[in-house]
Amino acid sequence: MVSAPAVTTDNAAEPLVSPVNSHNEWDPLEEVVVGRLEGAVIPPTHPVVTCNIPPWAARLQRLASGRRYPRALIESAQEELDGFVALLRSLGVTVTRPDPVDYKRRFGTPHWSSRGFCNACPRDSMLVIGDEVIETPMAWPCRYFETHSYRELLKDYFRRGARWTSAPRPQLTDELFDADFRIPGPGEPMRYILTEHEPVFDAADFMRAGRDLFVTRSNVTNRMGIEWLRRHLGPGYRIHEIESRCRTPMHIDTTFVLLGPGRVMVNPEYVDVDRLPDVLDSWDVLVAPEPDPIDERLLKLTSMCGKWLSMNVLMIDEKRVIAERHHTGTLRALERWGFEPIPCDLLHYAPFGGSFHCATLDVRRRSTPDSSVR
């Protein structure tokens with residue numbers, strides 16, 4: 001682990017050993033934050049929220065904006081989440097949780113007001129680089145204060161020796177969003193709803209491989225946000241952009257998923273293998289199988305994630321990987337590739353923002369900054 005200065009007025013005190021230490025996506029997992037469902041509401045309507053979904057779904061979203069999720073959906077998701085937490089603990093992983101929040105409460109800035117969303121996906125709002133936790137400048141107004149539900153955890157990590165940074169808080173004024181945005185059709189040039197008015201990014205648009213980070217530009221991460229992180233991390237890190245063919249890009253972990261040193265799983269619809277960064281030339285590129293279809297009508301209507309959520313896995317170490325039980329094709333592919341998949345249910349978590357990788361933030365892995373360089 002990384003040593004950090006002690007938080008003390010006694011200059012003779014011993015330096016603290018940071019409880020935060022995570023450099024990649026696959027070294028042995030020791031501690032993880034898992035999100036909550038309590039208090040969740042359907043995200044309030046805003047162009048940056050509805051830009052990624054078909055018009056019929058946007059109309060439904062506007063009707064339900066700011067309301068509680070259907071009880072049946074919450075109960076199913078909560079049961080699966082409890083099982084996932086129990087599985088992690090049975091594997092010897094320390095699990096911590098954010099505080100519950102009532103997201104129906106309205107909040108605001110001098111420029112706008114909104115209700116919240118949920119704190120189901122800590123992967124989006126915080127990025128762990130070594131012993132540092134970075135609060136990200138997210139583009140959804142309803143998520144503006146989401147990290148406040150993690151503040152007790154963050155303060156505890158800081159007191160014990162972790163570094164804690166917050167990226168510049170965005171204003172999220174109209175200038176950040178393209179008023180004429182529409183989803184580009186097949187063959188049309190890629191378009192994004194975000195302008196370059198100020199830096200914004202979600203942590204879930206990044207994958208970590210030691211000193212190398214991979215990112216997708218998306219409808220929640222702009223070039224200015226990527227550049228802010230590049231300058232913040234400095235010359236000791238390299239950030240490589242993964243081109244996505246997705247017409248509604250948001251988060252890298254259904255497009256490009258690091259499974260181990262020199263091994264990456266890619267989405268065949270979104271990624272052109274021949275256009276990957278040169279740094280991956282020696283890597284094994286594993287093409288994800290077609291996801292198993294989901295027939296449940298309520299899930300189809302409420303999920304904000306595409307079918308490729310089958311790729312949203314969580315590595316316990318270089319061999320063991322937690323994956324969705326429903327997606328048998330993915331489980332079989334992971335076995336063929338030499339991994340040990342651990343089936344688990346989290347299908348009903350999709351309406352709240354994702355699956356295993358989204359629902360977690362790996363705070364501590366047994367690794368060093370260069371552990372990925374093999």
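## Ground rules

Residues are numbered from 1 along each chain as its sequence is written, and side-chain values use heavy atoms, with hydrogens and water left out. Since we are working with a predicted model, local features need pLDDT of at least 70 and side-chain atom pairs count only at pLDDT 80 or more, while totals for chains, interfaces and linings use all residues.

Helices (H or I, at least four residues) and strands (E, at least two) are DSSP runs, numbered from the N terminus. Two strands pair if DSSP finds at least two bridges between them.

## The sheet of E7, E8 and E9

Let's start with an open sheet of three strands, in the order E7-E8-E9 and with mixed pairing. Strand E7 (126-129) and strand E9 (163-166) are the edge strands; each has a single partner strand, so one side of each is left without a neighbour in the sheet. On average, neighbouring strands here are turned by 20° against each other, direction ignored. Axes are lines fitted to C-alpha atoms, for helices over the stretch in contact, and angles run from 0 to 180 degrees between N-to-C directions.

Strand E8 (residues 132-135) and E9 run parallel and are joined by four bridges. Glu135 has Ser166 of E9 as its bridge partner. Two helices lie across E7, E8 and E9: helix H5 (residues 151-159) runs at about 135° to E9, and helix H6 (residues 223-233) runs at about 155° to E8.

Leu127 is found in strand E7. With a relative accessible area of 4%, Leu127 is buried (buried means under 20% relative accessible area, exposed over 50%, partly exposed in between, with a 1.4 Å probe and protein chains only). Leaving aside neighbours within four places in sequence, Leu127 is in contact (heavy atoms within 4.5 Å) with Glu132, Val133, Ile134, Thr136, Ala203, Phe206, Arg208 and Leu229. Leu127 and Phe356 are 229 residues apart in sequence, and their C-alpha atoms are 16 Å apart in space.

Glu227 lies in helix H6. Its relative accessible area of 27% makes Glu227 partly exposed. From Glu227 to Gly329 there are 102 residues in sequence and 37 Å in space, C-alpha to C-alpha.

## Cavities

The model has three cavities of 30 Å³ or more. Here, on a 1 Å grid over the protein atoms alone, a cavity is a set of points where a 1.4 Å probe fits but cannot get out, and lining residues have an atom within 4 Å of a point. Grid points are joined across faces, edges and corners, and a volume is the space filled by probe spheres set on the points.

The largest cavity holds about 100 Å³ of space. Glu135 and Ser166, the bridge partners described above, both belong to its lining. The lining also includes Thr136, Pro137, Met138, Arg143, Tyr144 and Glu146, along with Thr147, Ala167, Arg169 and Pro170.

## The sheet of E13, E14 and E15

Another open sheet of three strands has the order E13-E14-E15, again with mixed pairing. Strand E13 (256-260) and strand E15 (284-287) stand at the edges with a single partner strand each, so one side of each lacks a neighbour in the sheet. The twist averages 30° from one strand to the next.

Strand E14 (residues 263-266) and E15 run parallel, joined by four bridges. Within this pair, Met265 stands opposite Leu286 in E15.

## Strand E3 and its partners

Strand E3 (residues 29-34) is mostly covered, with six of its six residues buried. E3 pairs with strand E19 (residues 360-365) in the antiparallel sense over five bridges, and Val33 has Leu361 of E19 as its bridge partner. E3 also pairs with strand E4 (residues 94-96), this time in the parallel sense over three bridges. Glu31 stands opposite Thr94 in E4.

## Cysteines

A disulfide is a covalent bond between the sulfur atoms of two cysteines. Taking a disulfide as a pair of cysteine sulfur atoms within 2.5 Å, the count comes to zero.

For Cys118, the closest cysteine sulfur is in Cys121, at 6.0 Å, which is too far for a bond. Cys118 counts as buried, at 1% relative accessibility. For Cys344, the closest cysteine sulfur is in Cys358, at 14 Å, again too far for a bond. Cys344 also counts as buried, at 6% relative accessibility.

Notes:
On a 1 Å grid over the protein atoms alone, a cavity is a set of points where a 1.4 Å probe fits but cannot get out, and a pocket is an open set with protein on both sides within 12 Å along at least five of seven lines; lining residues have an atom within 4 Å of a point.
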